[in-house]
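Please load the model in the viewer and keep the selection panel at hand.

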Amino acid sequence: RYPVLYLLHGSPGIDTDWTKAGKANQSADTLIATREIPELIMVFPDGNGRPKVTSEWANSFDHRQLIETYVVNDLVRYVDQHYRTIPDPAHRAIGGLSMGGFGAMNIAEQHPTVFGTVISLGGYYKAEGSIWGKNAAYMRANSPLLTFPKNKAAWKLHIYLGAATKDQPYYNDARNFMSMLKSIHVPYRFDLEKGYHRWRVWELQMYNALHWLQWT
């Protein structure tokens with residue numbers, strides 16, 4: 001049985017981005033072949049919902065688009081039922097880039113009994129976009145920067161953050177999130193690379209994150 005890593009794409013994006021552009025499967029194969037990491041299962045879901053509207057990997061305010069529920073309940077249950085997984089949070093991680101980085105952190109923070117590890121590359125940490133219905137309370141409830149300090153159940157998450165030196169505003173978003181984590185004494189790993197909001201950065205950071213992953 002194997003640990004599982006779920007990887008969320010950005011926007012615009014599709015499920016194959018992580019393999020075609022990010023080469024996440026090749027990175028894993030290399031690290032497995034050199035016996036630097038154990039074998040694992042990687043899952044690449046499609047997070048596209050309504051046309052011309054970013055899903056944010058979340059449940060929309062009107063509940064007509066339940067992508068968070070799909071990931072946390074339907075997808076995890078399906079994978080555990082059909083593949084040889086180790087079905088516990090210690091062996092289940094979620095990661096993503098940009099919108100997927102936001103989605104991964106938002107989902108992991110709200111569901112620490114499902115995911116024990118979270119990887120956010122080039123992500124942001126406050127809700128944005130139209131799916132929230134311009135409801136300020138709902139946006140705050142889906143903004144890890146604001147909710148994490150009071151959600152002590154999430155403090156046990158293993159956290160990997162990635163940013164690029166010339167990637168704004170995402171680099172500042174990561175710095176603000178790290179400052180918040182430091183204030184509540186939650187440990188994390190930070191990977192800062194030279195560059196922009198580009199696959200060249202995320203490919204390297206995912207390789208590093210795979211090497212960092214510790215399945216306990």
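Begin by selecting Asp 74 and Arg 77, which form a salt bridge whose closest N and O atoms are 3.8 Å apart; the term requires a side-chain nitrogen of Lys or Arg within 4 Å of a carboxyl oxygen of Asp or Glu. The model is a predicted one, in which local features need pLDDT of at least 70 and side-chain atom pairs count only at pLDDT 80 or more, while totals for chains, interfaces and linings use all residues. Residues are numbered from 1 along each chain as its sequence is written, and side-chain values use heavy atoms, with hydrogens and water left out.

Asp 74 and Arg 77 are 3 residues apart in helix α3, which separates them by about one helical turn. Helices (H or I, at least four residues) and strands (E, at least two) are DSSP runs, numbered from the N terminus. Asp 74 is partly exposed at 42% relative accessible area, and Arg 77 is partly exposed at 45%. Here buried means under 20% relative accessible area, exposed over 50%, and partly exposed in between (1.4 Å probe, protein chains only).

Next, select Asp 80 and Arg 92, a salt bridge with its closest N and O atoms 2.8 Å apart. Asp 80 lies in helix α3 and Arg 92 in strand β3 (residues 92-97), so the pair ties together parts that are 12 residues apart in sequence. Asp 80 is partly exposed, at 22%, whereas Arg 92 is buried, at 6%.

**Into the core**

Now select Phe 115. Leaving aside neighbours within four places in sequence, Phe 115 is in contact (heavy atoms within 4.5 Å) with residues including Tyr 6, Val 72, Arg 92 and Ile 94. Val 72 is found in helix α3 and is buried, with a relative accessible area of 7%.

Which residues touch the most other members of the largest nonpolar core? Select Tyr 6, Ile 94, Phe 115, Phe 148 and Ile 159, out of 41 residues in that core. A nonpolar core is a set of buried Ala, Val, Leu, Ile, Met, Phe, Trp, Tyr and Cys residues joined through side-chain atoms within 4.5 Å.

**Helix α2**

Finally, select helix α2 (residues 24-33), whose buried residues are Ala 24, Ser 27, Ala 28 and Leu 31. Seen down the axis of α2, these fall within an arc of 100 degrees (taken from the directions from the helix axis to the C-beta atoms), so they line one face of the helix. They pack against β1 (4-8), α1 (17-20), β2 (41-43) and α8 (199-212).
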